[in-house]
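Have a look at the sequence and the fold, then read on.

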Amino acid sequence: MSSRNHAQWNATPDLQRGEWVDSRIYSDEQIFEDELNKIWKKTWIPVCHESELKEAYSFRTMTIAREPVIVVRGKDMVVRAFLNVCPHRGNMIERRPSGNYKKGTPSGTPKTMTCMFHAWSFDMKGKCVNISRKEAGYQDRLNENQVGLRELKCEVYFGGFVWVSLNDDIGVSVAEFAKGSLDVLLPSLSEEPLEVFHYHKAIIPCNYKLWHDTNCEFYHDYLHYHNRITGFNDAYFARKNNGFDGGHINVGSFEVQYENYEGSHGREELSFPHLPPNHWYMIDMFPGVNFNLRGSALRCDLMTPLGPNSVMIEFRGLGLASDSKKDRQTRIDHHNSIWGPFGRNLHEDLLAVTGQGASMHPLAESRKILHGRHENETIHDENGMRHYYEEWGKLLDRNPSDPMQKFKPYPEFKEQVAQREAAAAVE
Amino acid sequence: MAASSNEIQQKIRELIYNTCIHLDDYQWEEWHDNCSENFNYAIKAYSPEVQADIKYHGGDKEYMESITKLLNKHNSDQSPLRRHCTVYRVDVAEDGKSATAISSLVVHQTQLDGVNSHVDAGTTSVFLVGRYNDKFVIDGDSIKFEDREVRLDTRRLDKGTHWPI
């Protein structure tokens, strides 16, 4: 058989459950709503880096699962997160992307978050400190103690990233949530303070998981001339793709030959602490966070799903806060050469997922998307995506291969869990 | 006889406009030929999100030559970019050996293969808005770019591009 007719094209692949997914998981409106409610509103999401909140009273705004969020640093230097919504008439309190409340706003006094609409004000701990003409309007029926902001769970962890959860009952710290997936980079990111040197964003017409999939599989290095010429060797193909509970993965390292790309240079002089020269680690956290450390520059992708076929991706680049001006510029150039909006690799990745989005838009005919490569859990094995979708299926109680049916554990990972439990029992 | 300041200003305007044509038409070598050996290129923007000046792209002449030479090795969005540029001002140094120029810039992109070509090809949109902040070195009749900063207002760059702006 060469080409296939409609029935053959739609037939169940001759692969195990979990080795393909149904494309409706990337396009269905109801599945997307389920994801926001059962995943994105329940978990930890990194929203920015503490270097974006250097001084007391500084703030950043963002969105999680359509909910406006504000992160502020108090005068006690503690970072806290709140719903960026005024309890009076639901206006978004802060409209700017960032700033500092030391200076007053047109409607508000210094050192307060003030809703411009009716000038209700809040301190950096979310306490309401002023209801305009309170007694005249509310007499003794309502006071400031009853109308504080909605505080959100917030932690600064893993090299200074600020993590927020909409879920009051999350019950685990970020470290517990990570299930060990971050440990491989903790020493490199915890040795000294980091600082953001790059930020840009993209809104791409595809489902957020397609971007995460691309970060989770390296088989797509055929897309990148840079990666083929600097990477394809025995050590590259031996890199391990490691799965962790919770749907997280990380990817083992190898030494990249940057000088094989004309005009490019090694990064050994500016390696992050504890990182061997020119090495490259990557962590993909469920449900859509990527940390990517290539020698001298750390990249972090944060996704905000906007719809079943639309995602905003914020790209950050980070170096060491102690960098000299010259070293910082070198790090920036290393970062931009492949990861900037005009760099060699990022454009190629974004082109590819845009093409997937054009093929798997809402109401498109469902397709079978193959995640079936097995290569001993090394770099071109697609176990990272299978691992992700097992967690996804559990949380949504949907079968990724047939998302209108209930979830059943994947045979592959049942075996792995059994092996892990047996090993733990021995210990 | 040395060229007058007005003549130099006019030549610089012509150089900036001709460079737009070179860049629009992928004439990378012609562009590099109009740059001095000390040329430096950068695309930058101020990010109010992180309250910092961000360098998005750039390098010296050797780097820019190498990445344009390798373009055909890369998978790129081939949707053409067209630069609409207006030179606002040219200032020539008193000694006549250098000059600066500020130009307004709008770049339009006409879709070819960036999304679904059947639907989107032929659609034109604004790709970015910004300014060219240029510096020139003048040696007799020779005027070359010494520095080009593409200062962007646009920061949502979506798929981005492999091409210099």
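## Ground rules

Helices (H or I, at least four residues) and strands (E, at least two) are DSSP runs, numbered from the N terminus. This is a predicted model, where local features need pLDDT of at least 70 and side-chain atom pairs count only at pLDDT 80 or more, while totals for chains, interfaces and linings use all residues. Residues are numbered from 1 along each chain as its sequence is written, chains are lettered from A and ligands numbered from 1 in the order in which they are written, and side-chain values use heavy atoms, with hydrogens and water left out.

Let's start with the backbone. A:Arg66 sits in the loop between strand 3 and strand 4 (67-73) of chain A, and this residue has a positive phi of about 75 degrees although it is not a glycine. A:Phe286 and A:Pro287 are joined by a cis peptide bond, with omega at about 5 degrees. You'll find A:Pro287 in the loop between strand 15 (280-285) and strand 16 (289-294) of chain A. For background, most residues other than glycine have a negative phi, and most peptide bonds are trans.

## Helices that pack together

Angles here run from 0 to 180 degrees between N-to-C directions, and axes are lines fitted to C-alpha atoms, for helices over the stretch in contact. Helix 9 (residues 325-339) and helix 10 (residues 344-359) of chain A pack at about 30 degrees, their axes 3 Å apart. That makes helix 9 of chain A roughly parallel to helix 10 of chain A (angles under 35 degrees count as roughly parallel, over 145 as roughly antiparallel, 65 to 115 as roughly perpendicular and the rest as oblique). In contact (heavy atoms within 4.5 Å) are A:Ser337, A:Ile338 and A:Trp339 from helix 9 of chain A with A:Arg344, A:Asn345 and A:Leu346 from helix 10 of chain A.

Now for another pair: the axes of helix 6 (residues 208-216) and helix 11 (residues 383-396) of chain A come within 9 Å and cross at roughly 140 degrees. That makes helix 6 of chain A oblique to helix 11 of chain A. A:Tyr208, A:Lys209, A:His212, A:Asp213 and A:Cys216 in helix 6 of chain A meet A:Met385, A:Tyr388, A:Tyr389 and A:Trp392 in helix 11 of chain A.

## Where the chains meet

Over at the interface, 36 residues of chain A are in contact with 37 residues of chain B. Between them, chain A and chain B bury about 3300 Å², 58% of it on carbon and sulfur atoms (buried area is the accessible area, 1.4 Å probe, that two parts lose on being put together, summed over both). A:Phe342, A:Arg344 and A:His347 supply 24% of the area that chain A buries against chain B, more than any other three residues.

## Salt bridges

A salt bridge is a side-chain nitrogen of Lys or Arg within 4 Å of a carboxyl oxygen of Asp or Glu. Over all chains the count comes to 34 salt bridges. Within chain A, the side chains of A:Arg316 and A:Glu52 meet in one (2.7 Å, N to O). This pair links distant parts of the chain, 264 residues apart: A:Arg316 is in strand 18 (residues 310-320) of chain A, and A:Glu52 is in the loop between strand 2 (45-49) and strand 3 (58-64) of chain A.

Between chain A and chain B the count is two salt bridges. B:Lys55 and A:Asp333 form a salt bridge through their side chains (2.9 Å, N to O).
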